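Let's take a friendly walk through this structure together. Have the sequence and the 3D view open side by side as you read.

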Amino acid sequence: MEMTETIRIHKTNHSTLADVDWSNLEFGKYNADHMLVCDFLNGAWESPKIIPFANLSLSPVTLSLHYGQTIFEGMKAFRMIDKRISIFRPEKHYERFVRSAERMCMEVIPREIFMEGLHELIKLDGAWVPSAAGSALYIRPFIIATEAKLGVKISEAYKFLIVSGPVGSLYQKPISVKVETKFVRASRGGTGCAKCGGNYGAAFYPTKKAREQGYDQVLWTDGKENKYIEESGTMNAMFVIDNKLVSPPSSDSILDGVTRDSFITLAKQEGITVEERPVSIDELKRSFRDNTITEAFGVGTAAVATQIKLIGIDNVHYNLPTKKESIAELLKAKLDGIRTGKIPDVNNWNKLLI
Ligand SMILES: *Cc1c(COP(=O)(O)O)cnc(C)c1O
């Protein structure tokens, strides 16, 4: 589909930019001034518009509120050292957004609307892209089913939106995780590969239970045998075993993370051996016994990499060293250097705003 019209822009008269405490950018606290909105009605996507950030008005019987047809993406724009703004790997996020839409039987947003909308929105809200080390503008594209009908059905109307907000360097203290073998996040043939709202709502209860037991997060296991590690909370799981970077492969129950893909690409370019293969609980136990495991961490757009300091398996605690010189830190620093223009972007990941 071709964009036949340019995007209509209605600028705000009430910018909230001056209210931002740039020294304390708590994740999700601030919303940038504008949002992109595009409706799918009567079998077609209408032309997108950029309007001031505002509440939506929805019928109480809007389908997405009842039956969960909602999908989202999470990506970031960075302020480079030469002050330009770049969006990190938007194509890869778009492709996953399409796969999520297909899995949830929702209308696919055309590439042109997504890309041009993203570009125009971030250009307009460019002053919201922070420049402190590790900070970024977090961007949240999403689609909700908007048909107003109480019957269980595939919606015939959708709303695509993009909102954004500045976030600080989400340095997280090393976390302790519980290997979860009772509850599952996703199963074979399920929706684990889609970034759909229901996956997150369903993960809250087991995560809360793990917190009550003193852990920060859960390491999910497979839905069939509960033997293999799948993800670390809402991040992809990585381990360093025998000096190799090991990560469970993307599947229909493991989300295909952009950060995971970037870490794997960078690791290979650094000459680190990478193995994308299943990691069993037994292998983890063995690697602790033999002292061959040196790192475990989660990777995702929001926090980039979160070190794991303790893994609980059947109430037995296995500790990991939390040294500063790690493969996780090396790859995180590389990624950060590329995104801010300090290191050449040989993989062509930065999409510069023009
Ligand atoms: C978003 C997400 C990730 C990380 O994906 P990125 O593209 O790296 O942000 C991993 N696992 C789950 C379940 C997610 O929702």
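What follows looks at a pair of helices and then at the ligand site. Please keep in mind that this is a predicted model.

Start with helix α5, residues 258-269, and helix α7, residues 327-339. Their axes come within 10 Å and cross at roughly 100°. Angles from 65 to 115 degrees count as roughly perpendicular, so α5 and α7 are roughly perpendicular to each other. Where do the two helices meet? On the α5 side you will find Thr259, Ser262, Phe263, Leu266 and Ala267, and these meet Ala328, Leu331, Lys332, Lys334, Leu335 and Ile338 of α7. By class, this contact has seven nonpolar residues, along with two polar and two charged ones.

Thr259 also leads us to the ligand: it is one of the closest residues there, together with Lys195, Tyr200, Glu231 and Thr301, and 15 residues surround the ligand. A polar side-chain atom of Thr259 lies 2.6 Å from a ligand oxygen atom. For Tyr200, a polar side-chain atom is 2.3 Å from an oxygen atom of the ligand, while Glu231 places one 2.5 Å from a ligand nitrogen atom. On its own the ligand has 380 Å² of accessible area, and the protein covers 96% of it.

Technical notes
Residues numbered from 1 in each chain as written. Predicted model: local features only at pLDDT ≥ 70, side-chain atom pairs only at ≥ 80, totals over all residues. Heavy atoms only, no water. Axes fitted to C-alpha atoms, helices over the stretch in contact; angles between N-to-C directions. Helix = DSSP H or I, 4+ residues; strand = E, 2+ residues; numbered from the N terminus. Parallel < 35°, antiparallel > 145°, perpendicular 65-115°, else oblique. Contact = heavy atoms within 4.5 Å. Nonpolar A, V, L, I, M, F, W, Y, C, P; charged D, E, K, R; others polar. Near = heavy atom within 4 Å. Polar contact = N/O pair within 3.5 Å; in protein donor to acceptor, adjacent residues only side chain to side chain. Areas by Shrake-Rupley, 256 points an atom, 1.4 Å probe, with all protein chains shown as cover.
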